[in-house]
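Here are some friendly notes to read alongside the model.

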Amino acid sequence: MTAVQGQVRARTLGELLQTPDYAGRTPFDGQVRTVQDEVRDNLTRKLRSGEKLFPGVVGYDDTVIPQLVNALLARQNFILLGLRGQAKSRILRAITGLLDEYVPVIDGVDMPDDPLNPIGAEGRAMLEAHGLDLPIRWLPREDRYVEKLATPDVTVADLIGDVDPIKAARLGTSLSDTRSMHFGLLPRANRGIFAVNELADLAPKVQVALFNILQEGDVQIKGYPIRLELDVMLVFSANPEDYTARGKIVTPLKDRIGSEIRTHYPQDVRLGMDITAQEAVRAPEVAVPDFIAELIEEIAFQAREDARVDKLSGVSQRLPISLMELAAANAERRALVAGDPPVVRVSDVYAGLPAITGKLELEYEGELKGADNVARDVIRKAAGAVYARRCASADTRELEKWFEAGNVFRFPQAGDAASALRAARQVPGLSDLAAQVASSSDDATRVSAAEFILEGLYGRRKLSRAEETYAAPEPEVRQQRGGRWN
């Protein structure tokens with residue numbers, strides 16, 4: 001016996017048959033617990049105990065997760081179909097948590113094989129030669145997940161395998177002997193999960209090889225028929241845009257995939273904020289006020305609705321994540337210079353424009369206007385939407401009259417927060433409104449709230465904006481305010 005993470009594990013088949021889980025079993029008994037059975041058993045146990053099934057997957061509890069659970073309980077292979085940035089790969093990787101912690105496989109063979117019922121010629125030969133002394137090793141669940149990103153240059157040899165003439169010569173076998181084959185990724189995923197990301201990018205002949213494995217369990221390698229009754233769960237992901245942009249899933253393969261599960265973007269801003277907070281990497285000392293976090297998330301929601309943004313490409317959830325990271329970094333840089341606690345402000349969101357422009361696929365109208373201008377317009381709309389939700393009842397008449405009298409205000413970007421807050425007191429009522437919006441009484445958070453209020457009024461077309469300078473709205477906009485914006 002050998003110890004694996006504090007537990008005693010068998011090193012030979014004979015020792016394995018003495019354990020409670022394998023007592024009474026014999027070699028070639030045909031009692032195979034498949035990967036699908038294993039996943040189903042562990043999933044059933046977690047459902048009964050109320051455990052979290054897929055940690056880190058947010059926003060799918062009432063939509064995607066129930067469909068995924070049904071497919072796994074039905075022992076089906078499945079495909080996740082959705083636009084970019086919808087956690088498809090994360091979900092596929094999370095399924096490994098439903099595998100057993102360790103499983104025994106024959107030691108010394110390329111393909112992980114069941115020591116009691118091997119499917120490979122090499123494993124069968126070793127079992128017959130060694131009997132109860134057959135050496136085994138314990139395969140951890142993290143090594144039982146194999147993922148391949150599909151590209152047009154992927155070949156059948158990459159996924160299934162190829163003839164190895166050198167191996168055949170060394171063993172003295174013919175080229176048609178399975179022992180002379182060099183197995184690809186799929187056979188090496190035996191007793192585990194094999195995931196193909198962006199399935200539509202695979203060449204049709206490679207997809208045909210996959211559906212032959214799904215249906216019949218055999219393939220042809222260099223013209224030699226090979227029977228591989230693999231014990232593997234096949235899971236896929238694809239983007240509907242790829243069906244026309246780069247390729248498509250061939251009908252016979254699509255027909256053999258048990259379930260097609262549609263993913264989606266967060267349907268609620270709060271869920272999106274949870275995902276962004278979970279995924280964004282930033283210095284722990286950087287504070288992000290709740291209204292700024294909501295603004296960053298609302299930008300993605302507004303972009304998904306904007307007619308100038310390509311709906312087929314979608315707006316990835318990576319946009320608010322990257323924007324949060326850049327905004328926090330800019331706040332940190334400003335604080336290092338000024339000596340204040342780093343608190344994210346609206347100006348930091350504008351500093352994160354590269355995170356927005358790099359993730360928007362624009363329609364013709366958007367290309368004409370330019371990515372920067374479209375991004376700034378999306379920020380304005382988002383600020384107006386968040387302001388309307390948070391400050392709808394705020395009385396800003398005195399503040400608006402001050403601007404309509406011809407006054408302008410440039411929000412200070414340099415210097416400490418106390419100086420910026422003193423400058424904000426020039427605008428009647430702004431400091432009091434900022435104190436109501438801010439979740440903290442410190443100067444840096446109140447400055448962030450004051451800038452957010454001005455940006456929100458700009459988003460509601462009650463002010464105009466040029467760089468960091470706020471002023472009264474343009475005359476033609478002022479005429480519309482009584483109808484559309486108030």
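1. Let's begin with strand 9 and its partners. Strand 9 and strand 12 (residues 232–238) run parallel, paired over five bridges; two strands count as paired if DSSP finds at least two bridges between them. In this pairing, Gly192 stands opposite Val232 of strand 12. Strand 6 (residues 145–149) also pairs with strand 9 in the parallel sense, again over five bridges, and there Leu149 faces Asn197. Strands (E, at least two residues) and helices (H or I, at least four) are DSSP runs numbered from the N terminus.

2. A word on the basis of all this. The model is predicted, so please keep in mind that local features need pLDDT of at least 70 and side-chain atom pairs count only at pLDDT 80 or more, while totals for chains, interfaces and linings use all residues. Residues are numbered from 1 along each chain as its sequence is written, and side-chain values use heavy atoms, with hydrogens and water left out.

3. How enclosed is strand 9? Six of the six residues in strand 9 (residues 192–197) are buried, so the strand is largely enclosed by the rest of the structure. Buried here means under 20% relative accessible area, exposed over 50% and partly exposed in between (1.4 Å probe, protein chains only).

4. Helix 5 (residues 121–130) has Ala121, Gly123, Met126 and Leu127 buried. The buried residues of helix 5 pack against helix 1 (13–16) and strand 4 (102–106), with contact meaning heavy atoms within 4.5 Å. Just after helix 5, Gly131 takes a positive phi of about 60 degrees.

5. Next, the open spaces. The largest pocket holds about 560 Å³. Its lining has 27 residues, of which Gly85, Gln86, Ala87, Lys88 and Arg318 lie nearest the centre. Helix 4 (88–94) gives the largest share of this lining, four residues, and the lining divides into nine nonpolar, eleven polar and seven charged residues. On a 1 Å grid over the protein atoms alone, a pocket is an open set of points with protein on both sides within 12 Å along at least five of seven lines, a cavity is a set where a 1.4 Å probe fits but cannot get out, and lining residues have an atom within 4 Å of a point. Grid points are joined across faces, edges and corners, and a volume is the space filled by probe spheres set on them. Ala, Val, Leu, Ile, Met, Phe, Trp, Tyr, Cys and Pro count as nonpolar, Asp, Glu, Lys and Arg as charged, and the others, Gly among them, as polar.

6. The second largest pocket has a volume of about 440 Å³. Asp21, Tyr22, Asp100, Pro104 and Trp138 lie nearest the centre among its 21 lining residues. Strand 2 (7–9) and strand 4 each supply at least two residues of that lining.

7. Finally, the rings. There are three aromatic pairs, counted where ring centres of Phe, Tyr or Trp (its six-membered ring) lie within 6.5 Å; planes under 30 degrees apart are stacked, over 60 edge-to-face and the rest tilted. Phe291 and Phe452 make a tilted pair, 5.1 Å centre to centre with 35 degrees between the planes. Phe291 belongs to helix 13 (residues 290–305) and Phe452 to helix 22, so this pair ties together parts 161 residues apart in sequence. Phe291 is buried at 1% relative accessibility, and Phe452 is buried at 0%.
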